[in-house]
Amino acid sequence: MTTTAPPSTEPAAPPPTAAPEHSLVTFGYRQELHRRLGRYASFAAGFSFISVLTTVFQFFAFGFSFGGGSFIWTWPVVLCGQLLVAACFAELAARYPISGAIYQWSSRLSTPSFGWLAGWVMVIGQIVVVAAATLALQVVMPAIWPGFQLVGGDPAPTSPSGAANAALLGLILLFLTTVVNLLDNRVMSFINRLGVTAEIAGVALMVVLLFTHSERTPGVVVHTGGAGGTIGALLIASFTAAYVMVGFDSAGEMSEETRFPRRTAPRTILSALAAAGLCGGLLILGGLLAAPSLSDGRLATDGLGYVLTSTLGDGVGRLLLADVVVAICVATLAVQTSASRMLFSMARDGVLPFSARLAKVTPRTGMPAAPAVVVAVLAGVCLLLSFAAPSAFLALGTTCIVMLYLAYVMVTGPMLVRRVQGRLPADRAGGLDETGRPLFSLGRWGVPLNAIAVLYGLGMTVNLAWPRAEVYDPEGGHWYLQWFTVLFLGATIVLGVGYRWWRHVRRAAERSAARAPAAGTAAGEEPAEVTEVSA
């Protein structure tokens with residue numbers, strides 16, 4: 001187990017032309033993961049986690065059902081807020097190019113305990129995201145071919161047969177992504193880059209076809225319909241954009257496997273989010289323009305998949321839906337990879353149960369195998385909720401996003417405090433990246449932009465977690481679904497704090513037991529054997 005070296009033993013910062021591996025030495029870690037990823041691979045890590053096709057197809061119907069065509073206005077609001085968060089992360093990625101980004105950044109900006117809690121919330125959220133991403137297959141695959149409905153006859157994700165089928169498809173996908181995560185990061189990166197390229201090409205083609213098959217003018221964006229038009233309805237409709245635009249920090253998560261990470265990661269964090277924001281906005285607008293009808297109810301139930309097949313025909317529509325399946329598979333792979341790196345980073349510091357096993361890296365592949373398996377198993381357990389409570393589909397998806405937003409605030413919040421106090425941690429690279437150029441910085445705009453990022457993050461966390469019955473329990477009678485997000489988040493924090501307290505008590509007892517033999521030795525007694533116990 002590798003631990004952070006004490007400040008007095010840290011080597012001097014490497015010169016700008018030093019090998020990228022040296023950046024880890026300054027933080028007290030050995031280079032164990034294989035550093036093979038280039039700039040496009042780093043971009044793909046962030047873009048595939050966001051996965052515009054996965055999330056827009058999964059939540060388009062939800063946004064339209066509450067906000068009508070005007071729900072598109074929530075898109076630029078969320079994009080601007082997330083770009084501010086991403087800019088703060090870009091600064092940190094340049095200065096701390098380490099796996100376990102949220103955990104590492106929060107620990108260095110606040111305290112080890114607070115940083116540990118941020119990492120804990122983040123990794124649990126990522127595991128739930130893995131499960132939620134696989135559930136998106138149910139929205140698309142039965143629409144391509146009814147034979148993909150392996151269980152029952154109703155493909156609706158909230159129906160008993162649809163939920164069971166979604167869980168089954170998800171478990172199959174989890175098995176495949178786990179196999180990839182056990183191979184080699186070159187294989188993982190190749191599949192990721194190929195999938196992202198296919199996704200971007202698919203989005204471009206869809207946007208062109210939807211715009212050329214437009215049924216109405218852009219005035220549709222002021223069409224409210226349904227419950228839309230009110231502030232409350234638009235706050236709910238913003239879930240679509242909020243769900244899409246997370247995960248851009250994955251480019252920072254892969255820093256230990258990226259060449260020249262101080263220069264690459266900050267730019268790919270921002271470019272991945274900006275590209276996803278542009279693609280998603282155009283895709284939603286194209287869907288609204290080309291939909292056969294805004295009032296027949298189909299758009300609020302079947303979403304964008306209905307628009308493609310009804311407007312472009314079954315042949316072209318199903319071909320494009322197949323591209324969505326590719327995006328879902330790659331997104332699941334990216335999120336699982338990101339979560340496994342977070343587990344690895346925390347275990348490397350010995351702050352998780354079974355840290356010694358989770359921190360092992362296979363020398364031949366340079367991949368942390370145990371964390372990938374743990375993520376898959378826990379995500380599979382989450383999928384079983386679809387069997388027990390089909391209505392938990394939306395609650396599951398929203399819960400993971402709330403946790404990611406909260407983890408983001410646990411980084412931007414301490415960062416703002418440090419800025420105001422003028423105590424942002426000093427950079428160990430001398431303010432230069434691997435090419436000798438200045439590191440990414442917000443400069444004089446740091447305080448106001450950071451402050452807005454914190455306020456935005458807090459506001460969205462409350463908005464997403466608010467226990468609205470019409471969102472989480474539309475059928476009524478299931479109070480636990482209405483409060484699912486709050487309860488799950490509370491249980492996660494209580495469990496994390498409880499483990500942290502238990503570990504502190506245990507370590508204190510071990511230190512006390514170790515001091516007792518030392519005292520006996522000083523008095524001339526025979527020292528007892530002391531066995532070190534790893535956390």
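1. A search of the predicted model finds five cavities of 30 Å³ or more. The points below take up the second largest cavity, which holds about 90 Å³ of space.

2. Lining of the second largest cavity. The lining consists of 14 residues. Those nearest the centre of the cavity are Phe49, Thr55, Val129, Ala133 and Tyr243. By class, ten of the lining residues are nonpolar and four are polar, with no charged residue present.

3. Helices around the second largest cavity. At least two lining residues come from each of α2 (39-50), α3 (52-67), α6 (112-135), α11 (239-244) and α15 (303-348). Which helix gives the largest share of the lining? That helix is α3, with three residues.

4. Geometry of α2 and α15. Both helices contribute to the lining of the second largest cavity, and they also pack against each other: their axes come within 8 Å and cross at roughly 115°. α2 is therefore roughly perpendicular to α15. The crossing of α2 past α15 is left-handed.

5. Residues between α2 and α15. On the α2 side the contact involves Ala45, Ser48 and Phe49, and on the α15 side Val330, Ala331, Ala334, Val335 and Ser338. Six residues of this contact are nonpolar and two are polar, and none is charged.

6. Geometry of α15 and α17. α15 also packs with helix α17 (residues 369-383), at an angle of about 120° and with the axes 8 Å apart. The two helices are therefore oblique to each other. Their crossing is right-handed, whereas α2 passes α15 in a left-handed crossing.

7. Residues between α15 and α17. From α15 the contact takes Gln336, Ala339, Ser340, Leu343 and Phe344, and from α17 it takes Pro371, Ala372, Val374, Val375 and Ala376. The class count for this contact is eight nonpolar, two polar and no charged residues.

8. Charge in the sites described. No charged residue is found in the lining of the second largest cavity. The contact of α2 with α15 has no charged residues, and the contact of α15 with α17 has none either.

How values were computed
Residues are numbered from 1 along each chain as its sequence is written. This is a predicted model: local features need pLDDT of at least 70, side-chain atom pairs count only at pLDDT 80 or more; totals for chains, interfaces and linings use all residues. Side-chain values use heavy atoms; hydrogens and water are left out. On a 1 Å grid over the protein atoms alone, a cavity is a set of points where a 1.4 Å probe fits but cannot get out, and a pocket is an open set with protein on both sides within 12 Å along at least five of seven lines; lining residues have an atom within 4 Å of a point. Grid points are joined across faces, edges and corners, and a volume is the space filled by probe spheres set on the points. Helices (H or I, at least four residues) and strands (E, at least two) are DSSP runs, numbered from the N terminus. Ala, Val, Leu, Ile, Met, Phe, Trp, Tyr, Cys and Pro count as nonpolar, Asp, Glu, Lys and Arg as charged, and the others, Gly among them, as polar. Axes are lines fitted to C-alpha atoms, for helices over the stretch in contact, and angles run from 0 to 180 degrees between N-to-C directions. Angles under 35 degrees count as roughly parallel, over 145 as roughly antiparallel, 65 to 115 as roughly perpendicular and the rest as oblique. A crossing is left-handed if the near helix is turned anticlockwise from the far one by less than a right angle, and right-handed if clockwise. Contact means heavy atoms within 4.5 Å.
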